[in-house]
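Let's take a friendly walk through this structure, one neighbourhood at a time. Have the viewer open as you read.

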Amino acid sequence: MQSPSVAVVVVAAGSGARLGRAEPKAFVPLAGRPLLAHALDSVFGMGEGLDGGRSVQLVVVAPASRLDEARAIVEDAAGVASDRVSVVVGGATRQLSVAAGLAAVAPGTGTVLIHDAARALTPSALFDAVVAAVESTAGGVIPGLPVADTIKRVDASGAVLQTVDRSELAAVQTPQGFPLPELLAAYEAATEEFTDDAALFAAAGHPVSTVEGDALAFKVTTSWDLRRAEQLLGGSAQPTLRTGIGVDVHAFDDASPLWLGGLYWPDEPGLSGHSDGDVLSHAVCDALLSAAGLGDIGGRFGTSDDRFAGAHGDVFLSETARLVAGAGFTVVNVAVQLVANHPKLAARRVEIEQRLGALLGAPVSVSATTADGLGFTGRGEGITAIATALLQAS
Ligand SMILES: Nc1ccn([C@@H]2O[C@H](COP(=O)(O)OP(=O)(O)OP(=O)(O)O)[C@@H](O)[C@H]2O)c(=O)n1
Ligand SMILES: C[C@](O)(CO)[C@H](O)COP(=O)(O)O
């Protein structure tokens with residue numbers, strides 16, 4: 001293969017912990033397509049693109065678990081099979097992922113750009129501007145934007161120590177461009193972890209300058225960023241809603257106290273279980289986890305975990321609410337229905353609704369029915385709870 005003069009390494013191997021989705025961030029859908037696909041649109045839109053006068057090599061760095069998916073996205077974006085595109089496995093840190101990508105860049109390449117897949121809406125013109133600046137300066141080039149907020153230095157307690165002069169600061173983006181031989185040598189020499197490639201390059205003694213960044217090159221880090229990206233792509237400004245369902249069943253156990261909806265029910269037979277058997281709270285947790293795409297209560301709070309032995313429903317509900325919020329959702333409402341001969345809920349229904357509503361920060365409706373004498377609930381052997389939850393992406 002003839003050595004291309006420009007290579008672009010797109011790092012897409014991060015987990016996206018701050019986004020909190022089940023899939024790695026680069027594979028999270030944005031307007032119906034993975035973030036990575038959008039990022040590649042920008043690469044293939046470069047003036048120096050694959051079909052242009054000069055060839056550009058593309059290396060995508062993906063998680064080991066998503067190699068096939070990444071290959072399919074790359075092939076789809078490239079339109080044609082090409083020996084100028086490849087997908088390699090990333091590392092545990094961004095720096096290791098970049099190093100893995102650089103190892104796949106053709107020797108003899110003049111300029112290499114390192115780009116975050118998470119900056120999915122970066123305009124192609126920014127790639128072109130960085131390439132042009134690397135070629136004219138022979139140094140490192142990064143896009144930067146003025147910092148809009150006043151910046152304070154604070155200590156661990158939050159006390160303000162100093163106001164930083166922001167006229168000297170820039171918020172730095174990608175793609176970051178470098179002459180390949182110098183960047184490779186800098187990576188070889190690096191003994192510490194840097195948050196961007198320019199810092200690593202500068203630590204090796206090389207000059208780095210900025211070109212004007214672009215607001216569209218923002219990094220999708222949190223759910224809020226993802227929503228902003230959706231809206232910029234002309235997606236509906238309607239909130240993203242997700243429903244979930246949860247069902248739980250526990251058998252009666254005369255030797256246990258009854259806990260239901262977070263309340264103690266004296267003089268009623270209890271329910272068996274690893275925890276306190278609060279079937280109603282557990283169904284609500286499952287509905288919330290299901291709506292957020294976070295699996296289920298068994299997967300999150302397994303019976304092998306001693307911390308949950310005998311735990312009350314409140315513990316599971318509070319932790320579920322924390323997980324759901326961490327995944328970028330607010331609870332719109334929850335509805336739960338018990339299928340049971342007893343206890344009779346009517347007298348304490350409002351009390352349960354208020355208690356669970358306060359825990360979840362959203363309305364909770366509780367209802368009950370019997371099974372007309374049919375099945376195990378009809379025979380009075382246990383209780384079934386069925387819950388639904390509605391979440392809104394925050
Ligand atoms: N081990 C890693 C870590 C990050 N990245 C990539 O580096 C870019 C910028 O990193 P960041 O936004 O911090 O992504 P994550 O590390 O995935 O996010 P988080 O810190 O929230 O987990 C992303 O495109 C990400 O996929 C990577 O390729 N390999
Ligand atoms: C490289 C980078 O995108 C420059 O802004 C950024 O440093 C990487 O993201 P992180 O959030 O710092 O891991």
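By class, how many nonpolar, polar and charged residues does the shell around ligand 1 have? There are nine nonpolar, eight polar and five charged residues, where Ala, Val, Leu, Ile, Met, Phe, Trp, Tyr, Cys and Pro count as nonpolar, Asp, Glu, Lys and Arg as charged, and the others, Gly among them, as polar. In total, 22 residues surround ligand 1, and the closest are A13, G14, A17, R18 and S97; a residue is near a molecule if its C-beta atom, placed from the backbone, lies within 6 Å of it.

Before going on, note that this is a predicted model, in which local features need pLDDT of at least 70 and side-chain atom pairs count only at pLDDT 80 or more, while totals for chains, interfaces and linings use all residues. Residues are numbered from 1 along each chain as its sequence is written, and chains are lettered from A and ligands numbered from 1 in the order in which they are written.

Now turn to ligand 2, which has R94, D116, V172, Q173, T174, T195, D196 and K219 around it. That shell has one nonpolar, three polar and four charged residues.

K219 leads us onward, as D225 touches K219 along with F218 and V220, leaving aside residues up to four places away in sequence; contact requires C-beta atoms, placed from the backbone, within 7 Å. D225 sits in helix α7 (residues 223–232), a helix being a DSSP run (H or I, at least four residues; strands are E, at least two), numbered from the N terminus. L19 is 206 residues from D225 in sequence, yet their C-alpha atoms are 8.9 Å apart.

Next comes helix α4 (residues 124–137), whose buried residues are L126, F127, A129, V130, V131 and V134. Their cover includes β1 (6–11), α1 (35–44), β6 (111–116) and β7 (140–146).

Finally, look at helices α8 (residues 279–292) and α10 (residues 313–326), whose axes come within 9 Å and cross at roughly 10°. The two are therefore roughly parallel to each other, the term for angles under 35 degrees. Among the residues meeting here are L288 and L289 in α8 and F316 and L317 in α10. The contact has eight nonpolar, four polar and no charged residues.

How values were computed
Axes are lines fitted to C-alpha atoms, for helices over the stretch in contact, and angles run from 0 to 180 degrees between N-to-C directions. Angles under 35 degrees count as roughly parallel, over 145 as roughly antiparallel, 65 to 115 as roughly perpendicular and the rest as oblique. Two residues are in contact if their C-beta atoms, placed from the backbone, lie within 7 Å. A residue is buried if 20 or more other C-beta atoms lie within 10 Å of its own, exposed if 12 or fewer, and partly exposed in between; C-beta atoms are placed from the backbone.
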